[in-house]
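The stops below are meant to be taken in order, with a selection made at each.

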Amino acid sequence: MRPFEYASAQSVPQALAGGGTGTAYLAGGTTLVDLMKLEVMTPQRVVDINRLPLRGVSADRDGLHIGALERMTDVAGHPLVGTGYPVIAQALLRSASPQLRNMASIGGNLLQRVRCGYFRDTSTPCNKRQPGSGCPAVDGENRGHAILGTSDSCVATHPSDLAVALVALDARVRLTGRTGTRDVRLADFYLLPGDTPEREHDLRPGELVTRITVPALPWATRSAYLKIRDRQSYEFALASAAVALDLRGGVIRDVRVAVGGVGTRPWRLPTVEDALRGKAARPEVYEAAAALAVEAARPLAHNGFKTTLVRRTIVRALTNLGGSR
Amino acid sequence: MSGTARTVSVNRVDGRLKVTGAARYAADQPVERLGYGYLVLSTVARGTIRAMDVAAAERSPGVLAVYTPFQSLALRGGGNPFSVGHSWLPLQDAEVRYHGQAIGLVVAETFEQARDAAALVRADYEVRPAAVSFTDGIPGATDPGPFMGEPARLEFLADGVDSIDEALAASEVTVTGTYQQPGKHHSAMEPHACVADWQGGQLVLYSGTQSTSLTVGTMAAALGIEAAQVRVVSPHVGGGFGNKIATWAHPLLAAAAARTLGRPVKVVLTREQTFTVSGNRSAVRQTVSLGARRDGTLVAVKHQVWSSQSASGGIFESSAHTTSRYLYKTENLHLDQKIVTLDVPPPTWMRAPGQESGSFALETALDELATELRLDPVELRLRNNATVYPGRNVPWSSKHLAECYRVGAQRFGWDRRNPVPGAVVRGEWLVGMGTATANYPGERFPASVQVRFQPDGDVSVSSATADLGTGMWTVLAVLGAQALGLPISRVRSDLGDSTLAANIGAFGSGATASTGPAVAAAAQAAITALITLAVTDERSPLHGVPAADVRYDQGQLVAPDQRIAFPDLLRAVDSPGVGATGTAAPGPEHGQHAFTSFGAHFCEVRVNRFTGEPRLSRITTVIDGGAIINAKTARSQIVGAVIFGIGQALLEGAVVEPETGRIANGNFADYLLPVNADVPAIDVHFLNHPDLLFNPLGARGIGELGTVGVAAAIGNAVHNATGRRIRELPITLDKLLA
């Protein structure tokens with residue numbers, strides 16, 4: 001860890017005034033401090049934002065609002081979340097460990113950095129960490145890496161479970177900067193790596209994630225997050241599916257499907273949704289739709305199994321949620 | 001006083017210390033003026049370091065010294081896999097032998113300063129091509145020469161049979177399988193840690209070690225001092241599993257730096273560093289061919305092994321010689337061990353070295369044979385149960401493997417197993433059951449114990465052995481209490497200090513079997529000393545009574561017309577305490593029998609029919625380990641060992657990058673170990689048949705036994721559940737996706 005300046009902000013304007021290039025905002029610290037110890041992140045200045053009033057979980061006509069500094073544990077346990085949006089609660093509870101969930105903030109969860117072993121090891125090249133240095137994962141150890149949205153510069157998987165659930169639900173993030181506030185669809189907030197994998201999202205220097213809004217979706221009460229991994233706890237997804245079903249009389253009136261563990265960003269699947277909408281909730285329908293998920297997949301040497309796994313994960317999630325009559 | 005141990009079930013006597021954080025592990029020792037050392041590791045797999053730039057590190061705040069091959073700490077002699085873990089000493093030359101080798105030590109005022117300065121050290125390498133791929137190295141595998149007292153290629157053939165292949169060809173039924181598993185890491189909860197503190201010419205080394213005495217010898221030789229000048233203190237060890245036997249680079253460098261700097265130095269390896277600095281288990285490929293008659297009688301066993309080895313020295317996984325060598329009766333046996341020498345970190349002993357991998361291959365092959373014969377896997381094993389050690393014609397001292405199978409099958413409900421693979425479906429899960437044998441040799445070493453009566457009414461029982469979380473603190477107290485007829489609460493155990501009564505330490509699952517008999521011997525000697533004091537000291541109420549008329553009874557000395565409690569006696573004669581050292585060692589009985597612990601595992605597995613992930617539902621393990629001293633800590637040993645096997649079966653494996661030799665998953669986020677959610681209910685049962693031909697306690701070792709066979713039992717259950725035979729560990733979902 002390199003020496004750095006530390007300041008604690010008491011208000012959003014104060015935090016924004018202290019932000020900018022070379023500054024990192026500290027919330028739960030579960031990503032930032034870890035990466036600072038590894039010298040993957042070397043901010044000159046750390047601004048602690050834990051005292052900012054960015055808390056609270058509430059619902060109104062616009063939907064569910066979650067303050068960016070709410071802790072994962074608290075959001076997962078909130079009754080508005082558990083009953084209205086089980087997919088969010090489940091995604092949170094299948095993330096990390098209780099200790100980490102007690103510390104980690106919702107805003108920080110959405111901004112967490114990738115788990116690629118090359119990104120985390122400063123003795124190896126990494127385009128995300130050192131633009132232009134190369135990507136050893138393309139030809140190296142890539143069992144956990146992405147099959148969707150990859151480029152020759154970066155194949156790292158987006159690590160957040162929560163983001164997959166939120167993208168499925170069309171959530172928006174509120175970004176507050178010195179010149180004002182803007183709301184962005186979370187699906188648009190995340191950038192594909194392309195030639196600039198160091199740019200992971202549309203957050204401008206000095207901007208803060210202040211709030212997340214999930215639009216009202218009454219039928220999200222029938223939603224679930226299915227996470228598949230080698231270990232049953234405390235591991236990132238090999239594949240995951242966030243699914244919500246509006247099911248009436250055995251017919252899928254509407255549906256949301258997003259997948260994780262396979263994309264360079266949380267991956268909404270509109271073609272899969274289109275293939276399900278209006279159809280009977282039956283195994284062959286699920287399977288035909290899920291096959292569309294991987295049409296654009298670009299498997300690497302060690303993660304080819306993910307094309308099969310993610311399809312099966314979608315089918316299993318739909319089967320659990322909708323039955324297979 | 002001597003004789004079989006009575007099984008008790010008591011809490012750890014050191015439990016409170018551990019759960020309150022008061023137990024001092026090596027890095028917890030309070031030492032003044034500590035300097036903190038941090039290792040610098042190589043980032044290439046093979047080559048020579050041309051130069052190292054340490055200027056920035058030396059200027060970094062708080063740095064006391066930066067040591068490299070070019071500004072070195074002198075260490076003497078050479079390396080040795082049995083003492084320092086490899087065949088070289090750190091920083092004594094500029095050679096890089098593998099990725100992650102120690103090439104420098106930074107010492108600073110704080111840990112963080114040392115770590116930050118270490119990140120500033122730059123090495124300029126002349127890189128040479130490295131051989132790091134195990135698979136690529138197999139065609140060039142070599143014969144390691146004799147080991148374990150037998151040749152690497154060992155063959156017994158029936159009269160008139162010319163070769164093992166001829167015996168296989170003549171068999172009514174044969175199966176052949178090739179089994180592979182990656183290298184593995186010990187992953188003890190306590191990382192390797194040490195504090196080196198010179199007090200005058202005397203080195204006190206606090207180090208998490210399985211053997212204080214071996215560490216003394218290694219340190220003295222490398223530092224060029226007498227063994228009497230080294231004291232190694234290691235009262236608590238947070239898991240060892242075999243890689244805390246050798247003394248790796250960090251204590252050698254810490255002690256040498258402390259001597260040079262004139263202040264104590266602590267070095268704690270980071271979790272990532274433990275993956276390359278402190279040993280591992282070989283990657284292993286095995287081919288097993290079994291020939292049998294239709295009725296299941298084995299007639300030929302051929303077991304070929306290729307194990308990875310480090311060009312920088314180490315040991316290798318000897319899979320066939322530790323399993324197929326004696327596990328089943330067969331007229332024709334052929335074992336062949338080869339090594340694949342690579343530019344990788346050195347393998348060292350790791351829990352059940354040999355048996356862990358060997359049992360996966362052999363016990364899976366047995367299951368394949370049972371499937372082929374349409375014979376119950378338990379029945380197949382019972383039919384081939386060996387009663388004499390093959391080729392030596394000595395019987396086992398005590399072998400109850402058949403009972404393990406009978407009892408285990410009953411406890412588990414094996415009769416409910418559907419022999420048809422893939423036939424049992426529960427919801428979205430395919431369900432299967434599997435079984436396998438566990439074996440581990442009964443090891444026993446000479447050991448000494450001191451027993452001392454104290455005027456405060458306690459008795460101390462001490463020995464320079466180690467407790468790796470195994471329960472030795474408690475075993476010493478239990479056996480001391482039994483030998484002296486006192487409650488456990490009055491016995492104070494002490495261990496983990498090289499100045500205590502001589503003891504080689506804790507490995508080979510031999511600590512209890514070795515140390516236990518010495519407790520009885522020491523208790524007897526201490527009682528004799530107590531009686532001598534009582535009848536010879538003029539201040540004693542028993543002065544002048546013939547020693548033969550005094551007997552010891554539950555803390556009291558009993559003479560014909562009086563009795564006195566030992567604390568009263570000690571106070572009466574103003575004694576600080578009286579005691580004696582007793583020694584026990586294996587005798588000539590050790591040529592007349594074979595000594596082995598056995599066990600049987602049964603497990604139920606479910607495999608998701610959509611996504612393929614294997615999950616354990618329950619495990620029953622029945623253990624034939626001789627007499628059990630403390631059932632509670634013994635059960636913990638077996639549970640821990642079974643979990644170790646779950647890791648082997650489903651999760652663990654080093655990923656070595658073929659281009660760089662770097663371990664791609666050398667950290668606890670990526671090297672997966674089982675978490676609680678992966679561990680099902682584990683039912684452990686001890687047969688508890690004392691093995692009195694082995695030692696007077698009747699206790700053999702159990703520390704490693706429980707892990708042997710677990711991976712095969714799980715893999716066999718996966719086959720029963722799905723019809724898929726996975727011969728390459730770990731059994732991950734990608735291998736089960738159709």
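The tour passes from an annotated domain to a sheet, then to a pocket and a cavity.

This is a predicted model, in which local features need pLDDT of at least 70 and side-chain atom pairs count only at pLDDT 80 or more, while totals for chains, interfaces and linings use all residues. Residues are numbered from 1 along each chain as its sequence is written, chains are lettered from A and ligands numbered from 1 in the order in which they are written, and side-chain values use heavy atoms, with hydrogens and water left out.

**Stop 1: the annotated domain**

Select residues 20-129 of chain B, which an unreviewed UniProt entry annotates as "domain: Aldehyde oxidase/xanthine dehydrogenase a/b hammerhead". Such positions are given in the numbering used here, feature names are shortened, and annotations may be inferred rather than shown by experiment. Over this range the chain is 12% helix and 31% strand, with the end C-alpha atoms 50 Å apart. Helices (H or I, at least four residues) and strands (E, at least two) are DSSP runs, numbered from the N terminus.

**Stop 2: a sheet in chain B**

Next, display the open sheet of five strands in chain B, ordered 18-19-27-28-29 with mixed pairing; two strands pair if DSSP finds at least two bridges between them. Strand 18 (425-426) and strand 29 (681-686) of chain B each have a single partner strand and stand at the edges, so one side of each lacks a neighbour in the sheet. Strand 19 (residues 429-441) and strand 27 (residues 596-608) of chain B run antiparallel and are joined by 13 bridges. Within this pairing, Asn439(B) stands opposite Phe598(B).

**Stop 3: the second largest pocket**

Move to chain A and select Arg94(A), Leu226(A), Lys227(A), Arg229(A) and Arg316(A), the closest to the centre of the second largest pocket among its 18 lining residues. The volume of this pocket is about 340 Å³. On a 1 Å grid over the protein atoms alone, a pocket is an open set of points with protein on both sides within 12 Å along at least five of seven lines, whereas a cavity is a set where a 1.4 Å probe fits but cannot get out; lining residues have an atom within 4 Å of a point. Grid points are joined across faces, edges and corners, and a volume is the space filled by probe spheres set on the points. Strand 9 of chain A gives the largest share of the lining, five residues.

**Stop 4: the largest cavity**

Finally, select Val114(A), Lys128(A), His158(A), Glu200(A) and Thr264(A), which lie nearest the centre of the largest cavity. This cavity holds about 160 Å³ of space.
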